[in-house]
Amino acid sequence: LGDVMKKLKNIFVLGGAGFLGYHTIKEATNRGYSVKTVDIVELPENLQFKKKDNVEFIIQNFFDLSDEKIIDLISGCDGFVYAGGVDERIVPQKPAYKFFYEKNVLPTQRIARLAREAGVKNFVLLGSHTVEFAENNMDLRKHYYHEEPYVETRLIQEKLAMYEGDGAMNVSVLRLPYIFGTMEGKVPLWSMYVDMLRGQEFMPVTTGGAATISASQVGQAAISALENGKHRLAYPVATGYISYEDFYKKILEELGQEDSTELQVMSFDELEEAYREDEKLTDQQGVEHGIRQVNMLRANSMEFRLPTELAYDELRVREEDTDKIIKETLNWSNTQK
């Protein structure tokens, strides 16, 4: 690692006030790097970095800046972590392809190109586990999951970032699963699940589950991926797994509804019709999911497991009490409004 430390001194994090950006900066300062970060908002006062942390925090709409200004801001940094973008829970106006292309693909390609021109040597993109399954799960491919707007644009995002790096900059990707953790000033995405179960007497739950990781572990993995400096490598990173049934049970515990809400595990076949109806409804409303409902159901009926060795062995992620972190996240989701 000594050699790596010589190559990497200054790290640029795009989106430092964001959930993952913030945790990535924390890990970078833990490892003694100096950090420059840009975000459109300031961090809450008690999360702001101290002078000794060596973090330069710039409040600015990065994407509105000219190429020259961006190159100017990035130059002097040898590592870059791209923690921007939107995930599949946003349901845009049709066509969803265009929305996700404009939000995730175009900015990434531009910034990767400018990072390379600014002399960055190692670039890490925070991506999505959906791409991992789109590439490797034959059953999903049979139903064109890999062509869903969100999934396909996430794959294009990875590819274009890698093309931009070819020959001059190592570009690697973290394919991230469900992320848990809390951050002041941020209402977790999980609050929608908490709200969905609040006060319900009955709730169907799909048969599958998903790989998990904590936000601070994502930060650790991101900095290790920068240090590893591999080109065209996509890391499926996870440190745990939870079934949807267990996840819903934890939500009911948080809400104190263990006895008043009945959870019923239902198969893909049992739920498919309802999801098809829902798809028709969104279609009529002129909006479109990044992953169409029936394919989302198909994926949620499978066990989306990822191996944990990669995180622990190759990316030197520290073990954490996932169960406790999920509980804390759900409590935060329930109490923050």
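In which loop is R232 found?

A: R232 is found in the loop between α9 (residues 215–228) and β10 (residues 233–236); helices (H or I, at least four residues) and strands (E, at least two) are DSSP runs numbered from the N terminus. The model is predicted, so local features need pLDDT of at least 70 and side-chain atom pairs count only at pLDDT 80 or more, whereas totals for chains, interfaces and linings use all residues. Residues are numbered from 1 along each chain as its sequence is written, and side-chain values use heavy atoms, with hydrogens and water left out.

Although R232 is not a glycine, its phi is positive, at about 60°. With a relative accessibility of 36%, R232 counts as partly exposed (buried means under 20% relative accessible area, exposed over 50%, and partly exposed in between, with a 1.4 Å probe and protein chains only). A positive phi, of about 50°, is also found at R316, which is not a glycine either. R316 belongs to the loop between α13 (residues 309–314) and α14, and its relative accessible area of 30% makes R316 partly exposed.

Another loop, between α2 (residues 19–30) and β2 (residues 34–39), holds R31. This arginine, R31, counts as buried because its relative accessibility is 19%. The side chains of R31 and E27 are joined by a polar contact of 2.7 Å (a pair of N or O atoms within 3.5 Å; within protein, one must be able to donate a hydrogen and the other to accept it, and residues adjacent in sequence count only if both atoms are side-chain atoms). The R31 side chain also reaches the backbone oxygen of Q220, at 3.2 Å.

The loop between β4 (residues 79–82) and α4 (residues 96–117) contains D87. D87 counts as buried because its relative accessibility is 17%, and its side chain makes a polar contact of 2.8 Å with that of R89. Leaving aside residues up to four places away in sequence, D87 touches F100, Y150 and L189 (contact means heavy atoms within 4.5 Å). P95 lies in the loop between β4 and α4 as well, and a cis peptide bond with omega of about -10° joins K94 and P95.

Turning to the helices, α5 (residues 129–136) is mostly covered, with six of its eight residues buried. Those buried residues of α5 are H129, T130, V131, E132, F133 and A134.

Helix α10 (residues 244–255) packs against helix α14 (residues 322–335) at an angle of about 55°, with the axes 10 Å apart; axes are lines fitted to C-alpha atoms over the stretch in contact, and angles run from 0 to 180 degrees between N-to-C directions. α10 and α14 are therefore oblique to each other (under 35 degrees is roughly parallel, over 145 roughly antiparallel, 65 to 115 roughly perpendicular, and the rest oblique). The residues making this contact include F247, I251 and L255 of α10 and I326 and L330 of α14.

Helix α11 (residues 268–284) and helix α12 (residues 293–300) cross at roughly 150°, and their axes come within 8 Å. α11 and α12 are therefore roughly antiparallel to each other. Among the residues that make this contact are F268, L271, Y275 and R276 of α11, together with V294, L297 and R298 of α12.
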